[in-house]
Amino acid sequence: HDVVARARRCAMPAPRDYVVVNGLRYVHPYFHTFDIRVSEKRVGSSVLTALDEQVRFQGRVGEGREHWARELASGRVRLASDVRRRLPTGGEIPDEWFAAPESLDAPVPPDSFFRVVRHVHEPCVGCEVPRVLLEDSKLVFVDKPAGVPTLAGCGPGLQGENNATRLLNRTRAENAGADEELLFAVNRIDKPVSGVWILAKGSRLAARCRAALAKPGHETKTYLARVRGAVNGPIRIDAPLSVGADGRATTDGPDAKPAITLVHPVARYPPPWDDCTLVACRLERAGRFHQIRCHLASAGVPIANDATYRIDESTNDSFTRRDDGGGTEVYADDDDGTLLAAVTDPEVFTASCLECGWAAAAAAGDRRAFDQRLRSSCAAEWCDRVAGGGG
């Protein structure tokens, strides 16, 4: 298939192009091939069930049978079976071993791998580049800006381009040449959070640093947050946390793990300013996923610029354009139509990719793109429109 051939040519691509519009950085979409081993417990289940439960990607438009039927028809899903017997010493699976499944309802054979070609659309991030504060022969200390994740997986084994680690490595390579040693993250800071971030020169050194920081009593972190509402005194939030089906931390769930956050008010900014409080937060127990963000929201004082956990009852408009967590509307184009031109560029636009159609609709200002009920049909309409030359 043409798509598979294009994906092979993109297996080790040059750094992908960026486009910056209205303070946000976007990456041109690109093809990437993922090999995903089917777990033993899914052997014998339908191809559809295995794909739905095991192959998940960020930013996917469309769900279930409709999505995978389109991917299968486009030649982007293939299956190889009996792999370990045929390749006992490991290594890359030959492409000729993969074939399209007979149907989505066909059973998955034992010891199978999916080879999925994905047209990757990375989430946009803030346009600021991390700034180096201090560097020696082993470590680099960086001021990570808010709105940029330290790492951001775009699929199994793919970190992508729109994250602080990749941005910093690209900037250093451009300024100092290809021989510049790659940096690896030691600690992580959530996307909407700014702060001092540590990287190591080499993956082994990064692993040793992480192990050292994880030792009990070795580190004490204090986080500052601007939260909505008033915090008039110290708060101890003792609420076990788990990760919900929507990918957010939650104080509900049978598998919730203990988590305690200590909150102290630092400064108050009452109305008519912004009705916020600056607070200092410390973790009494080892940090859970999104612990501070979820705990503050559960206490009724969510972080002011945190779109993921923000409580906003002022609008129930399902057509509202989402922002990036810092108040900047995603896919809001400029007066020159720079973003729309970039996402509909024939070199990157793929008519069979609903994410391409969605991006075109969003950049063109079609409000249906931001309505969960309409986004799939809207994306399909824009795929046809752009492919037909009417974008």
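Author: Among contacts in the protein chain between residues at least 6 apart in sequence, 62% join residues at least 24 apart. This is a predicted model, where local features need pLDDT of at least 70, side-chain atom pairs count only at pLDDT 80 or more, and totals for chains, interfaces and linings use all residues. Residues are numbered from 1 along each chain as its sequence is written, and side-chain values use heavy atoms, with hydrogens and water left out.

Reader: Why is the pair of Trp358 and Phe370 called edge-to-face?

Author: Rings of Phe, Tyr and Trp (its six-membered ring) pair if their centres lie within 6.5 Å; planes under 30 degrees apart are stacked, over 60 edge-to-face, and the rest tilted. The centres of Trp358 and Phe370 are 5.5 Å apart and their planes stand at 70°, so this pair is edge-to-face. Trp358 is in helix H9 (residues 354-363) and Phe370 in the loop between H9 and helix H10 (375-387), so the pair ties together parts twelve residues apart in sequence. Helices here are DSSP runs (H or I, at least four residues), as are strands (E, at least two), numbered from the N terminus.

Reader: What are Trp358 and Phe370, buried or exposed?

Author: Both Trp358 and Phe370 are buried, meaning under 20% relative accessible area, with exposed over 50% and partly exposed in between (1.4 Å probe, protein chains only). Buried residues make up 45% of the 391 residues in the protein chain.

Reader: What makes H9 and H10 roughly perpendicular?

Author: H9 and H10 pack at about 90°, with axes 7 Å apart. Axes are lines fitted to C-alpha atoms, for helices over the stretch in contact, and angles run from 0 to 180 degrees between N-to-C directions. Under 35 degrees is roughly parallel, over 145 roughly antiparallel, 65 to 115 roughly perpendicular and the rest oblique. H9 and H10 are therefore roughly perpendicular. Their contact includes Trp358 of H9 and Trp382 of H10.

Reader: How do you know that Arg86 lies over the face of Trp97?

Author: A charge sits over a ring if NZ of Lys or CZ of Arg is within 6 Å of the ring centre and within 35 degrees of the ring normal. Arg86 lies over the face of Trp97, at 4.1 Å from the ring centre. Likewise, the charged end of Arg25 sits over the ring of Tyr18, 5.1 Å from its centre.

Note on methods
Contact means heavy atoms within 4.5 Å.
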